[in-house]
Amino acid sequence: GRTGFRVSRLGLGGGGHSRLGRGTGREEAESIAVVRRALALGINFIDTAEAYGPEEIVGRAVRQFPRAGLVLSTKKSMSAENPVSAAQLRAGLEQSLRRLGTDYVDIYHLHGLDARQYDYALETLVPEMRKLRDEGKIRAVGVTEAFWKFAPGSTTGSTSAAPSLTGSSIAINATLARRLGAAVGDTLVVRLQKPGILAGNAPVAGAEATLVSIRCTVAAIVDE
C-alpha cells in the first residue's frame with residue numbers, strides 16, 4: 001500500500017466476543033499477557049476501538065515495547081441516528097490516546113459507518129481527520145462499515161418507505177449473475193436489511209431492523 005506501514009502477516013484484534021478476554025471473564029493480567037505474548041511472537045499490528053473496551057489494556061501491555069515498532073489501530077464509533085460531529089471525533093481520539101498511553105495512533109477509523117452517512121463523513125469528518133493527521137495524532141485514515149445483510153424474501157414492509165441510495169458499485173459471483181441475467185454495467189436494486197439491536201447473537205425483542213433499497217451498478221462478475 002501507500003502508507004509505508006510494515007506489519008506482521010497476522011494481527012491481534014481487541015474486539016469480537018472475547019475482547020482480549022475481558023468479555024469472557026478473564027482477569028486484566030491475563031489480557032495483558034495475551035497482548036505481550038503476541039508481540040513476543042512477532043505480531044506488531046494491534047486493532048482495537050473505543051467500543052470494544054480494552055484500549056487501556058492494550059496501552060498497559062505495549063508500554064514496555066518500542067512504540068516505533070508497533071502499528072496501533074483504533075476507531076471512533078459512528079451513529080446513524082446521531083451523527084458524530086468533528087468536535088466529538090477529535091475528543092474521541094484524545095480519549096483513545098490517553099487510554100492507549102500514546103501521543104499518536106497509526107490508523108484511526110470511522111467505526112460502523114452507515115452507507116447513508118458517506119457524504120456527511122466525507123464533507124465533515126474526513127477534513128477533521130486530515131487536520132489530526134497533519135497535527136501528528138494519526139498517521140492514516142480508515143473506515144469500517146456498518147453490518148448489512150440481504151433481507152429474506154419473507155421480510156415484511158415496503159421498500160418505498162426506506163431510503164434509496166444510488167451510486168454504489170458491487171461485484172457479484174458468476175452463479176448469481178447467471179440467475180439474475182446480469183452483466184457488467186447493469187443496474188440492480190438490492191434490498192438490504194440492517195439488523196436491529198443485538199444481545200449476543202439474538203435480536204432484542206421490539207428492536208426493528210432497517211430496510212434499505214440501494215441502486216447498484218454491477219462493476220465486476222467474479223468467478224467462483
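Visitor: Why is helix α2 said to be largely enclosed by the rest of the structure?

Guide: In this predicted model, 6 of the 8 residues of α2 (residues 55-62) are buried, so the helix is largely enclosed. The buried ones are E55, I57, V58, G59, A61 and V62.

Visitor: Why is S85 called partly exposed?

Guide: Its relative accessible area is 26%. Buried means under 20% and exposed means over 50%, so a value in between counts as partly exposed. You will find S85 in the loop between β3 and α3.

Visitor: Which residues does S85 touch, not counting those up to four places away in sequence?

Guide: S85 touches Y120 and L125. The C-alpha atoms of S85 and L125 are separated by 7.2 Å, though the two residues are 40 apart along the chain.

Visitor: What makes R67 count as lying over the face of Y104?

Guide: R67 is at 4.0 Å from the ring centre of Y104. The cut-off asks for CZ of Arg within 6 Å of the ring centre and within 35 degrees of the ring normal.

Visitor: How much of the whole protein chain counts as buried?

Guide: Of its 224 residues, 38% do. The chain has 5 helices and 11 strands.

Key: Residues are numbered from 1 along each chain as its sequence is written. This is a predicted model: local features need pLDDT of at least 70, side-chain atom pairs count only at pLDDT 80 or more; totals for chains, interfaces and linings use all residues. Side-chain values use heavy atoms; hydrogens and water are left out. Buried means under 20% relative accessible area, exposed over 50%, partly exposed in between (1.4 Å probe, protein chains only). Helices (H or I, at least four residues) and strands (E, at least two) are DSSP runs, numbered from the N terminus. Contact means heavy atoms within 4.5 Å.
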